Amino acid sequence: MARKTATMDPGPDAPAGAVPGLDRLPAGPALFAGRRTELAALRAAATRRVSGRCPVLVLAGRPGSGRTALAARFARTAAADYPDGVLFARLSAPDGGRVPPGRAARLLLEQLDPQAAVPLPGAVEDGRDEPGGVALREALAGRRVLLVLDDVRDAGQLWPLLADEPGCLVLATTAGPLTGIEDIDPVILGGLDRQASGELLADLVGGTRVSCDPVGAADLAEACAAGPAALRLISRWLRGNPKIAVTDAARELTRAVGEESEASGAKGAGRGRAGKAAKGARTAKAGRTPRTDAAPEKKEEGAQAQDGATEPAAAPEPAGDPSTWVKPEPAPAEPVPVPDNDPLLGAFTLLYRGLPAAQARMLRTLTLAPAQTADPRTASALVGCPAPEAAATLAALTERELLGEEAPAADGTPRYRVPGRLYQRLVRLREQEDRPAETELARARLLERLVRLTESARALLDPADGPAPDPLPPALRLDSAGHARDWLTAERELLLGAVADAIGQGDLDGSAGRLVTALLRALPLTGTAAPADLYRLHELVLTVAERNGRPRRASAALLNLGDLQASAGRWEQAAGHYRAALEHARAVGDEPLCARALEGAAGCHRALGDAVRAADWYGRALGLRRSLGDHAAEARLLARVAEAHTAQRRFEEADREYRAALAVLRRIGDERGREAVGSALADLRERVDGGW
């Protein structure tokens, strides 16, 4: 089989830097084979126009089919038609976790405009999507932008991200059908054709070995089901075993697949019996009748839809302005697993068995990284080795196609990601080969490393804000304030994800709490800290405080959440947070916190135009401040009560409160306050005298 060079064809990519955002796309493999038919289908579909929203392309294929690489390649070829930029977001994590559409919208909005006011997270109101989707659609109006949405789980994730701007284009990759959206003709990815499979093997293994055994190469491609990921992994295994013939590789792969299936069947039978018993116990405890027939039927139906035999009827698409659409809310789709008899896992097994112990351990441990993404700084913490050693191990694993290479950090530091197609298998290997204590220690080391990096970044950005932490080793160190700002900005999502993961598991609250505190101090110093990020952090503080029975800390977190909601003009939500903070503060008899919560709730009622409740809550806060001897707060609250009385046309009471505030301000010597309150009192009297 003669070696072809078509795999090296770069295609009509846009020049580097010509279109903003191309660097956000996954790097993809250096060698790309076949898929000309699929690329042509995507180009043809991109020219279609639909009414009411932007066109949507769907690229569907099972894990390992190369859907992400093909989407990135198409985006690079089409980028010139979208001069306002390319946006990229993953809508699921390698572990199958579903990214909420609101968070995805906020990430895309920040890519489109780093200075955009990202809305706070919030619940869906009146059947409409949350503010992030609305803000994204408004920002896309009048622009030509290409949105690449990788690994979409269901239509409910996609709806809020569809703009009504016909000049934009959405390209979504998925493992299954996205029902409920009309005018979509998905491009289905199967295996590579015979020629492309042979070309890929020839380029990766070496043309001589393949050309000397064309029948063996064809057998190997067939054993891999012509899947690009499986072909790449088995090719790397062959390169590491130069004495093994290509024909023998096909037999070894078939044997490995069979061993995996047998082992999975034996374990699955035990897990199935235990799982049924546990499920029955859970449903009995919850007072529900266990389901026996519905779940298998649902699974079979999903399998048929995946194979393309039958698909559920698509729901009609809403018409008109997308901001008024009532979005469908299907049950979130389950992640599509890689079955144990898939050649992809057989090829992985062969390659994994030959890894040096340090590389195998690194690969397993990276499943603990936030979003399964790491650089040498965090990888070295996870495995407990020097950063240069971690960097060499990461590069070796990437060369073996076992890690994906992400866009580098702002300082050029390489970043890597565990492929979703291998994640579940690696977790099983970690659980089998690593002791639980080792896993917990790795997670603790990672959190402490992130705490030290965040604190060192804070010290560089604001040297006057407390003592600097002990310096990190040179390979880990942040060199300057600019370096610290870039690191915090680029790693913000991963830092927030690390905190959320740790708090979600609940066994490292101490380290997680220190990281939250460090982030709350450091992120505002970058000048790019979105209120949405601070909101997420205070929500995590609240979770830990309530779990550990610390009502005072819970009250403080709720007050901060209320302040963020109030600053965004979401007065009803803010009032709810203030009332909850009041309950926690009362539980421990903390009067200053009670007064703070009462005053916050009063301000919300005032903003909502409810002067009666505002006067009541301000009055209760005033009583507490007086008992505490806080004269400055007493004067401020007297003025607020006077304003509430004025709104109710109770002018005498308002006059009295203003005069009481002046007396307090005179007593404490606050001349500026006296001037402001005196001006308000004079204005009130003038209006009353004028017949108001």
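Me: How much of the 692-residue protein chain is buried?
Reply: In this predicted model, buried residues account for 49% of the 692 residues in the protein chain.

Me: And how many helices and strands does the chain have?
Reply: The protein chain has 27 helices and eight strands. As for its contacts, among those between residues at least 6 apart in sequence, 69% join residues at least 24 apart.

Me: Which order do the strands take in the five-stranded sheet?
Reply: The order is β2-β3-β4-β1-β5, in an open sheet with parallel pairing. Strands β2 (86-90) and β5 stand at the edges with a single partner strand each, so one side of each has no neighbour in the sheet.

Me: What packs on that sheet, touching β1, β3 and β4?
Reply: That is helix α2 (residues 67-78), which touches β1, β3 (146-152) and β4, and whose direction makes about 165° with that of β4. Helix α1 (residues 36-46), for its part, lies across β1, β4 and β5 and runs at about 160° to β1.

Me: Back to β1, how many of its residues are buried?
Reply: Five of the five residues in strand β1 (residues 56-60) are buried, so the strand is mostly covered. Val-56, Val-58 and Ala-60 point one way from β1, whereas Leu-57 and Leu-59 point the other way, and all are buried.

Me: Over how many bridges does β1 pair with β4, and with β5?
Reply: With strand β4 (residues 169-174) the pairing is parallel over five bridges, and within it Val-56 has Val-170 as its bridge partner. With strand β5 (residues 187-188) β1 pairs in the parallel sense over two bridges; there Leu-59 has Val-187 as its bridge partner, and Ala-60 stands opposite Ile-188.

Me: What about the three-stranded sheet, which order and which pairing?
Reply: This open sheet has the order β6-β8-β7, and the pairing is antiparallel. Strands β6 (373-374) and β7 (404-406) are at its edges, each with a single partner strand, which means that one side of each is left without a neighbour in the sheet. Between β6 and strand β8 (residues 415-417) there are two bridges in the antiparallel sense, with Thr-373 standing opposite Arg-417 of β8.

Me: Switching to helices, at what angle do α14 and α15 pack?
Reply: Helix α14 (residues 376-383) and helix α15 (residues 387-399) pack at an angle of about 100°, and their axes are 8 Å apart. The two helices are therefore roughly perpendicular to each other. On the α14 side the contact is made by Pro-376, Ala-379 and Ser-380, and on the α15 side by Ala-387, Ala-390, Ala-391 and Leu-394.

Me: How many aromatic pairs does the structure hold?
Reply: The structure holds one. Phe-348 and Tyr-352 form this pair, with 5.6 Å from centre to centre and 35° between the planes, and it is tilted.

Me: Are they buried or exposed?
Reply: Phe-348 is buried, with a relative accessible area of 1%, and Tyr-352 also counts as buried, at 10% relative accessibility.

Me: Which arginines lie over rings?
Reply: The charged end of Arg-73 sits over the ring of Phe-32, 4.4 Å from its centre, and Arg-620 lies over the face of Trp-617, at 4.6 Å from the ring centre.

Me: One more arginine: what does Arg-667 touch?
Reply: Not counting residues up to four places away in sequence, Arg-667 touches His-631 and Glu-634. Arg-667 belongs to helix α26 (residues 651-668) and is exposed, with a relative accessible area of 55%. Its C-alpha atom is separated by 8.9 Å from that of His-631, which is 36 residues apart from Arg-667 along the chain.

Me: And which residues is Leu-628 in contact with?
Reply: Leaving aside neighbours within four places in sequence, Leu-628 is in contact with Glu-591 and Pro-592. Leu-628 is in helix α24 (residues 611-628), and is partly exposed at a relative accessible area of 38%.

Note on methods
Residues numbered from 1 in each chain as written. Predicted model: local features only at pLDDT ≥ 70, side-chain atom pairs only at ≥ 80, totals over all residues. Heavy atoms only, no water. Phe/Tyr/Trp six-rings, centres within 6.5 Å; stacked < 30°, edge-to-face > 60°. Buried < 20%, exposed > 50% of the residue type's maximum accessible area, 1.4 Å probe, protein only. Lys NZ or Arg CZ within 6 Å of the ring centre and 35° of its normal. Helix = DSSP H or I, 4+ residues; strand = E, 2+ residues; numbered from the N terminus. Pairing = 2+ DSSP bridges. Axes fitted to C-alpha atoms, helices over the stretch in contact; angles between N-to-C directions. Parallel < 35°, antiparallel > 145°, perpendicular 65-115°, else oblique. Contact = heavy atoms within 4.5 Å.
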